[in-house]
Amino acid sequence: AKVSEADRLCDEAQAAEAQRAWADVQAKLQKALRIDPNNVCSLYNYGRLLDYVWNNPEKAEQMYKRAIAANPKHVPSLRNYGYFLYYVRKDYNGAASTWERALQEQPSELDVLSGYASLHYHIHGRLSKAEQLFNKALKVQPTHASTLHNYGKMLHYARGNFTRAEKLYKRVLENFPNHVGALLDYASLLQEFPEKLGMKKAHAIERAAECWERVLVLNPNHFEALFALAKVEQFHRNRLTKAERLYKRVLAEGPMHLTALSNYGFLLQSMGKIDAAQEQYEKLVHHGQDARYVEGLVNYGNLLGTHRKQHAKAQQMYMRALLTQPTRTIAPAAMPGHQCWLCCNSSRVQDLCCELMAQPEPEEQVWWLRGLGRIGAK
């Protein structure tokens, strides 16, 4: 019969999928659909192929819709179409209604429970409803990776329950040690809240570094892990040469990542590579005001004042930094003992105001530096 032949071809396509023989998968599914255009197995699996492998959302959606039209109670099609609507179309109401239909047919469908909980958390901020769905999923399968990870993220980022979040991340990694999302989020938790986990900061940073290193074993060009490890090597392990290699890899992936440029410039400056550091800092100054690289502007000002003796340009860097963060103060490297801040001069123009903190004599020690090139004065 036509249906049985189409089902047989669909089974063969799934076997070919296990071998990642995508062209063969497609050929068998297309042949099955020529035999039976309403074969749900083939429509569903062809939708998956177009969605996840060929990245053809228009045709993928057509297949999912045809599968659901052929069998409105087909839970795998409802599940995957819900994810498609959530992540690809950003149609959150459509995703919710599709998943509701799936749960009416199969109340314990794990991926639907987990995805629907994630939607309640990420999109609507309905934490109690999300928690209810996460717990329901974990009763069905206590080691379900997606549920454990997303529930951990909610506890971490939304609830602030760091110890419970850590337990869930650990449960993911005990069963799935290569789960990149859990590795990254656990590293973030260790880095940001070591005291909440009862750890000393240095120990927590090393634990986080182990997670980032694991991610790089799995994906050597993973941007977030490369950047995080570069900062660990620079600011915690003081292994500057290794940090330099990592920053080069980071900037190869994202040449205008502002914080990486700022950190890399400071690293090169620390290593005495002044020309190379200045090259990185110059890339920053072509951008508008951005809080992500204020420290880079300050460090560039310090380089200009101490190494280049370009005090007027150094002053410009300090002014740009203070205009971005008006409430902060700066301690220019070329002016030992001084602090500078943003102020208004006698002409009511925003200016750089500096005071020698060790010898507080305001009448003599407060300098209005706008355009005077006085940063290096003695």
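These legends walk through several close-up views of a predicted model. In this predicted model, local features need pLDDT of at least 70 and side-chain atom pairs count only at pLDDT 80 or more, whereas totals for chains, interfaces and linings use all residues. Residues are numbered from 1 along each chain as its sequence is written, and side-chain values use heavy atoms, with hydrogens and water left out.

**View 1. The disulfide between Cys10 and Cys41.** The structure holds 2 disulfides, a disulfide being a pair of cysteine sulfur atoms within 2.5 Å. Here the sulfur atoms of Cys10 and Cys41 sit 1.9 Å apart. The pair links distant parts of the chain, with Cys10 in helix α1 (residues 2-18) and Cys41 in helix α3 (residues 40-53), 31 residues apart. Helices (H or I, at least four residues) and strands (E, at least two) are DSSP runs, numbered from the N terminus. The torsion about the S-S bond is about -80°, so this disulfide is left-handed. Cys10 is buried, with a relative accessible area of 0%; buried means under 20% relative accessible area, exposed over 50%, and partly exposed in between (1.4 Å probe, protein chains only).

View 2. Cys340 belongs to strand β1 (residues 338-344) and Cys354 to strand β2 (residues 350-356), so the bond ties together parts that are 14 residues apart in sequence. Both of these cysteines are buried. If you number the bonded cysteines in sequence order, the pairing reads 1-2, 3-4.

**View 3. Trp212 in the largest nonpolar core.** A nonpolar core is a set of buried Ala, Val, Leu, Ile, Met, Phe, Trp, Tyr and Cys residues joined through side-chain atoms within 4.5 Å. The largest one has 110 residues, and those with the most contacts inside it are Trp99, Tyr186 and Trp212. Helix α12 (residues 201-218) supplies the largest share of this core, 8 residues. Leaving aside neighbours within four places in sequence, Trp212 is in contact (heavy atoms within 4.5 Å) with Leu184, Ala187, Gln191, Ala225, Ala228, Leu229 and Val232.

**View 4. Ser118 and its contacts.** Ser118 is found in helix α7 (residues 110-122). Its relative accessible area is 2%, so Ser118 counts as buried. Apart from neighbours within four places in sequence, Ser118 is in contact with Tyr86, Tyr87, Ile123, Phe134 and Asn150.

View 5. Most residues other than glycine have a negative phi. You will find Arg20 in the loop between α1 and α2 (22-35), where it is exposed, with a relative accessible area of 60%. Look for Asn238 in the loop between α13 (223-236) and α14 (240-253); at 56% relative accessibility, Asn238 counts as exposed.
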